[in-house]
Amino acid sequence: MKQILKVLWTIFKVLFVVVGVLFAVYFWNLDQKLMGWVYIQVNRIHDRKNVDIKF
């Protein structure tokens, strides 16, 4: 019984941390900020490439 409660408490702590991290990502809109940064980096990489056809 004690071991089952210990496992349940560990699961509860892990879920609590996961929900906290997800709330922080949602609250500060961190996923969109990260994707904006990635978009800028990808554009820098592609802008450095030489192209054969120019419009």
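**Surface, helices and rings**

Author: The chain exposes about 6000 Å², and carbon and sulfur atoms supply 71% of that area. Please keep in mind that this is a predicted model.

Reader: How much of the chain counts as buried?

Author: Of its 55 residues, 2% count as buried.

Reader: And what does the secondary structure come to?

Author: The chain has two helices and zero strands. Its radius of gyration is 22 Å, well over the 10 Å that the globule rule gives for 55 residues, so the chain is more spread out than a compact globule.

Reader: What does the C-alpha trace span along its principal axes?

Author: The spans are about 70 × 20 × 15 Å.

Reader: Let us turn to H1. Where does it lie, and how far apart are its end C-alpha atoms?

Author: Helix H1 covers residues 2-27. Its end C-alpha atoms are 37 Å apart. At 1.5 Å a residue, its 26 residues should span 38 Å, so the two values agree.

Reader: How many of the residues of H1 are buried?

Author: The count is one among its 26 residues, and H1 is thus described as hardly covered.

Reader: Which residues form the nonpolar patch on the surface?

Author: The patch is formed by Met1, Ile4, Leu5, Val7, Leu8, Ile11 and Leu15. Together these residues have about 730 Å² of accessible area. One of them, Leu5, is found in helix H1.

Reader: Now the aromatic residues, please. How many aromatic pairs are there?

Author: A search of the whole structure finds four. One of these is the pair of Phe12 and Phe16, whose rings are stacked, at 6.3 Å centre to centre and with 25 degrees between the planes.

Reader: Where do Phe12 and Phe16 lie?

Author: Both lie in helix H1, four residues apart, which is about one turn of the helix. Phe12 is partly exposed, with a relative accessible area of 47%. Phe16 is exposed, with a relative accessible area of 60%.

Reader: Why is the pair of Phe27 and Trp28 edge-to-face?

Author: The planes of the two rings stand at 85 degrees, and an angle over 60 degrees counts as edge-to-face. Their centres are 5.3 Å apart.

Reader: Are Phe27 and Trp28 buried or exposed?

Author: Phe27 and Trp28 are exposed.

Reader: Which residues form an aromatic cluster?

Author: Trp9, Phe12 and Phe16 form one aromatic cluster.

Reader: A change of topic: where is Asn29?

Author: Asn29 sits in the loop between H1 and H2, just after H1.

Reader: What is its phi?

Author: Asn29 has a positive phi of about 55 degrees, although it is not a glycine. Most residues other than glycine have a negative phi.

Reader: How exposed is Asn29?

Author: Asn29 is partly exposed, with a relative accessible area of 38%.

Reader: What about H2? Where does Asp47 belong?

Author: Asp47 is found in helix H2, which covers residues 30-48.

Reader: Why does Asp47 count as exposed?

Author: Its relative accessibility is 64%, and exposed means over 50%.

Reader: Finally, how far is Asp47 from Gly20?

Author: Asp47 and Gly20 are 27 residues apart in sequence and 38 Å apart in space, C-alpha to C-alpha.

Terms used
Residues numbered from 1 in each chain as written. Predicted model: local features only at pLDDT ≥ 70, side-chain atom pairs only at ≥ 80, totals over all residues. Heavy atoms only, no water. Phe/Tyr/Trp six-rings, centres within 6.5 Å; stacked < 30°, edge-to-face > 60°. Buried < 20%, exposed > 50% of the residue type's maximum accessible area, 1.4 Å probe, protein only. Expected span 1.5 Å × (residues − 1). Rg over C-alpha atoms; globule rule 2.2 N^0.38 Å. Areas by Shrake-Rupley, 256 points an atom, 1.4 Å probe, with all protein chains shown as cover. Patch = residues over 30% accessible without salt bridge, like charges linked within 9 Å, V, L, I, M, F, W, Y side chains within 5 Å. Salt bridge = Lys/Arg side-chain N within 4 Å of Asp/Glu carboxyl O.
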